[in-house]
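Here is a protein model to go through by question and answer. Each answer sets a value against its definition.

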Amino acid sequence: MPKRKQRKVEEEDSTRTGTPKIDLISTLPDSLLCHILSFLPTRCAMATSVLARRWRHLWKDLLVLDLDNSKHSPYYLPGGTHRFIAFVNAVFAQSKAPHVKKLRLACDIPRGEKKTIKTWIHTVVGPHLQELYLDLSLPCNEFGNRDIKLPEEVLTSASLESLVLKGHMVLTVYDGFVDLPSLKNLELDLNYVDPEFVLDGCWALENLKLTLHESFPLNASDPPVIQMPGSLKRLTLIQADDTEEDLNDIEDLVIDTPLLEYLSITLWARCLQVSISNYPNMVEAHLDIDQDKEQVGWMLELLKALHQTKLLDLKLSTMECLLVAPAFELPEFSRLLNLELEIPYFNSGFLIKLLHNCHMLQVLTLHNREKVSTVEPEEPNCWTLPMKDPDCVISHLKIFEFKGYQDSADEHAFVAYLLERGPILKTMKIHAHRSLGLKYKHRIRQELSTIPRSSKTCKLKVT
């Protein structure tokens with residue numbers, strides 16, 4: 001008998017015999033129910049108290065508190081932040097949990113309530129706290145400052161594994177004040193914080209996301225040197241939108257992290273000096289860096305250090321720097337499988353030269369942003385058939401995608417070359433530039449379809 005019919009027969013039998021249906025959720029122990037509720041915002045977990053008598057006080061034993069009153073939150077409490085403060089005070093007052101493992105707190109803090117926030121944080125800080133997420137917006141005091149001093153136990157916690165500090169506030173930290181031996185994940189996105197002092201106390205840090213703002217480090221007599229912990233495996237470095245073109249407050253950024261597996265850099269601080277090391281374990285790298293011609297040297301050194309990566313994503317500003325830089329030798333990417341390039345204009349010569357150094361490449365993605373970029377090629381690019389085919393084209397390349405295709409002679413010749421010389425090419429996607437009409441796109445599709453293909457299984461798609 002099919003399972004659906006069998007289940008229906010059993011339900012009919014239970015109805016006729018008067019046997020009550022089994023509530024599977026009710027059979028679960030309280031500890032497991034609390035674990036399920038811990039994945040919900042605290043407001044939603046509290047709402048389950050109306051389900052049944054057993055659920056009335058269940059939320060009070062939660063070890064995870066998610067208190068989010070940011071304006072983009074679907075659980076935003078209208079009526080001002082004072083209502084949210086009363087709600088959080090009620091949560092802590094009724095909680096029966098012996099300790100808190102995770103706290104997520106996101107809200108605007110009205111003037112005069114800074115002590116209340118500190119009280120909440122102090123309540124959860126202890127030997128069992130593992131994750132702390134604070135996204136706070138503090139009003140300026142009479143001196144124009146938004147400083148907040150976290151309880152000392154937060155920055156010297158032996159149990160804390162993840163710390164996220166975000167928002168419009170200033171975190172005051174002194175040299176030798178931070179001691180977080182178990183911290184694995186750290187995210188700093190504050191108006192002002194001196195990351196040098198914070199990172200000095202994070203010996204086991206594996207994942208770091210650091211957003212650089214214009215205002216840090218404040219009142220520093222000497223520009224600091226930001227030394228990344230050698231234990232890092234993932235690093236995301238972002239220059240915030242509120243910064244000016246240069247970050248004059250930083251003298252040197254040292255990324256001496258040989259264990260690094262993931263790197264993402266977004267910087268347009270042209271006077272910044274960066275010291276790097278070799279990254280033999282690199283898997284994925286994203287570079288969005290804007291530098292002057294005279295200071296592009298460290299970016300070239302970075303590319304050499306990334307020669308073992310499996311995925312390389314070079315954004316528009318990075319490609320603009322590379323295309324106008326003085327002559328340089330491209331490194332060999334011996335393990336690179338996926339290459340993504342945002343280009344200011346199409347240059348087949350540069351691409352062929354790069355492909356010669358990517359022996360194992362399987363996926364190539366190009367995005368021509370010529371209409372957006374202000375950089376123009378000094379001389380028109382002309383297709384020249386390479387004397388030797390790149391190894392990746394004839395033995396490894398499986399997927400090619402071209403976004404912003406404009407059907408220039410150089411672009412057409414390059415696409416035709418890949419179709420004719422790529423024996424294992426499986427997919428080619430051509431996305432014509434949005435300025436081209438439907439008739440023009442149809443013509444592109446017809447012309448490319450007539451090109452003989454080395455691969456019998458290659459599928460061509462033009463949109």
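Q: How far apart are alanine 305 and tyrosine 279 in sequence and in space?
A: They are 26 residues apart in sequence. From C-alpha to C-alpha they are 5.7 Å apart.

Q: How confident is the prediction, and where is confidence lowest and highest?
A: pLDDT is the predictor's confidence in each residue, from 0 to 100. The protein has a mean of 84, and 84% of its residues reach 70 or more. Confidence is lowest in helix 1 (residues 3–17), at a mean of 53. It is highest in strand 14 (residues 311–314), at 98. Over residues 372–376 pLDDT stays under 50. Where pLDDT is low, the predicted coordinates should not be read in detail.

Q: How many helices and strands does the protein have?
A: There are 13 helices and 19 strands. Helices (H or I, at least four residues) and strands (E, at least two) are DSSP runs, numbered from the N terminus. Buried residues make up 48% of the 463 residues.

Q: What makes helix 9 (residues 316–324) mostly covered?
A: Eight of its nine residues are buried. Among them are Leu316, Met319, Cys321 and Leu322. The buried residues pack against strand 13 (284–289), helix 8 (297–305), strand 14, strand 15 and helix 10.

Q: How do you know that both faces of strand 14 are covered?
A: Leu311 and Asp313 are buried on one side. Leu312 and Leu314 are buried on the other. In a regular strand the side chains alternate between the two faces of the sheet.

Q: What makes strand 13 and strand 14 a pair?
A: Two strands pair if DSSP finds at least two bridges between them. Four bridges join strand 13 to strand 14, and the two run parallel. Leucine 287 stands opposite leucine 314 in strand 14.

Q: How is strand 14 joined to strand 15?
A: Four bridges join them, again in parallel. Leucine 311 stands opposite asparagine 338 in strand 15. The chain crosses from strand 14 through helix 9 to strand 15 in a right-handed β-α-β crossover. Right-handed means that, with the strands pointing away from the viewer, the path from the first strand over the helix to the second runs clockwise.

Q: Why is strand 16 (residues 363–368) called largely enclosed?
A: Five of its six residues are buried, so the rest of the structure largely encloses it. Strand 16 pairs in the parallel sense with strand 15 (residues 338–343) over six bridges. It also pairs in the parallel sense with strand 17 (residues 399–405) over five bridges. Leucine 366 stands opposite phenylalanine 402 in strand 17.

Q: Why is the pair of phenylalanine 400 and phenylalanine 402 called edge-to-face?
A: The structure holds nine aromatic pairs. In this pair the ring centres are 6.1 Å apart and the planes stand at 80 degrees. Rings of Phe, Tyr and Trp (its six-membered ring) pair if their centres lie within 6.5 Å; planes under 30 degrees apart count as stacked, over 60 as edge-to-face and the rest as tilted. The pair is therefore edge-to-face.

Q: What makes phenylalanine 400 and phenylalanine 414 a pair, and of which kind?
A: Their ring centres are 6.0 Å apart and their planes are at 65 degrees, so this pair is edge-to-face. It links distant parts of the chain, with phenylalanine 400 in strand 17 and phenylalanine 414 in helix 12 (residues 409–421), 14 residues apart.

Q: Are phenylalanine 400 and phenylalanine 414 buried or exposed?
A: Phenylalanine 400 is buried, with a relative accessible area of 0%. Phenylalanine 414 is buried at 0% relative accessibility.

How values were computed
Residues numbered from 1 in each chain as written. Heavy atoms only, no water. Contact = heavy atoms within 4.5 Å. Buried < 20%, exposed > 50% of the residue type's maximum accessible area, 1.4 Å probe, protein only.
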